[in-house]
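Dear colleague,

Please find the structure below for your review. My notes on it follow.

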Amino acid sequence: MKKQKNKLAGLQKRKAISGYLFIAPFIIGFLVFMVRPFFHSLYMSFCNVELGAGNFTSHWAGLFNYNQAFRVDPDFNRLLFEEILRMFLYSIAIMVFSFFVALILNQKFKGRALVRAVFFLPVILSSGVMLGLETDNALMANLQATVETAAEGVNITDALKEILRTAGVGVRAYETVFEVIDNIYDVAISSGIQIIIFLSGLQTISASMYEAADIEGCTKWESLWKITFPMVSSLFLVNWIYTVVDFCMRSDNEVIEKIQNVMRVNLNYGFASAMSWIYFVIVIAIVGVSSWIISRRVYYYE
């Protein structure tokens, strides 16, 4: 028994070493390239920064920049609230979409590998040079205009909105839902990594568990909630953190655009740093609280 425990401890140690080796490049890169700018930006957020010829000087200003962000700037609080609300809505939509797509892709059917590649393709298309090609592609722009022209007068979304409005459904509720539906392309293009993570978890579930459930008379719906969901619940935490962080770094994030304009256009580095740190602390707090809530419902198994 003691020998078996030592063997298990040795295996866990080797796994831990392998994990640290995988993340070692990130740790080294962060320590070398990120730590100094990280703390320097924190210092700049308490200063008024004056740009000179090839250099800049910082003058301590205390909480002046933070007061400007919360009490003086007319847009920052509004943009902050709108982006956090949008983050929650889209993150939940991405989680739901990626989980059920992973369930479908985990089934056995012809052409499964091709379909999986198609769902992961947006991850490649939304990165680097490919994103620029997609944005500046005149052919894609003309195609989109053609589709919109051809579909003019036939808008199912507007028809459903009118039906729900007539039925007395809360205006704000269905407008929020339809906003997500109208942007289903953004949801799908942001779900590639999450689908792969969920799919890898689904493939680790033993088929014997479902066979035993079938023998006991469980329906597919019951198996989903009693077997599938608990066995991959730990991946919901991973995907949630990734989705929130990924959303907060999107190019269409209006808070990020506001900070970039203050820094690049107004050349106010101190104020931009203060807004950056406010946004950073709020996002970290959201990630921490939501992760704590999700982790209480996570089922871990050996």
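**Findings**

The accessible surface of the protein comes to about 20,400 Å², and carbon and sulfur atoms hold 67% of that area. Accessible areas come from the Shrake-Rupley method with a 1.4 Å probe, and for residues only the protein chains shown count as cover. This is a predicted model, in which local features need pLDDT of at least 70 and side-chain atom pairs count only at pLDDT 80 or more, while totals for chains, interfaces and linings use all residues. Residues are numbered from 1 along each chain as its sequence is written, and side-chain values use heavy atoms, with hydrogens and water left out.

Of the 302 residues in the protein, 28% are buried (under 20% relative accessible area, with exposed meaning over 50% and partly exposed in between; 1.4 Å probe, protein chains only). The protein has 15 helices and two strands; these are DSSP runs numbered from the N terminus, with helices being H or I of at least four residues and strands E of at least two. Among contacts (heavy atoms within 4.5 Å) with a separation of 6 or more, 67% join residues 24 or more positions apart.

Helix α3 (residues 76-105) packs against helix α10 (residues 192-202) at an angle of about 45 degrees, with the axes 8 Å apart. Axes here are lines fitted to C-alpha atoms, for helices over the stretch in contact, and angles run from 0 to 180 degrees between N-to-C directions. The crossing of the two helices is right-handed, that is, the near helix is turned clockwise from the far one by less than a right angle. On the α3 side, the residues that meet α10 include I94, S98, F99 and V101; on the α10 side they include Q194, I195 and F198.

Because eight of its eleven residues are buried, α10 is largely enclosed by the rest of the structure. Among those buried residues are G192, I197, L199 and L202.

Q194 lies in α10 and, at 1% relative accessibility, counts as buried. Beyond its neighbours within four places in sequence, Q194 is in contact with I94, S98, N239, Y242 and T243. The C-alpha atoms of Q194 and V101 are separated by 9.9 Å, although these residues are 93 apart along the chain.

Finally, the cysteines. C47 is buried at 0% relative accessibility, and C248 is buried at 9%. The search of the whole structure finds zero disulfides (pairs of cysteine sulfur atoms within 2.5 Å).
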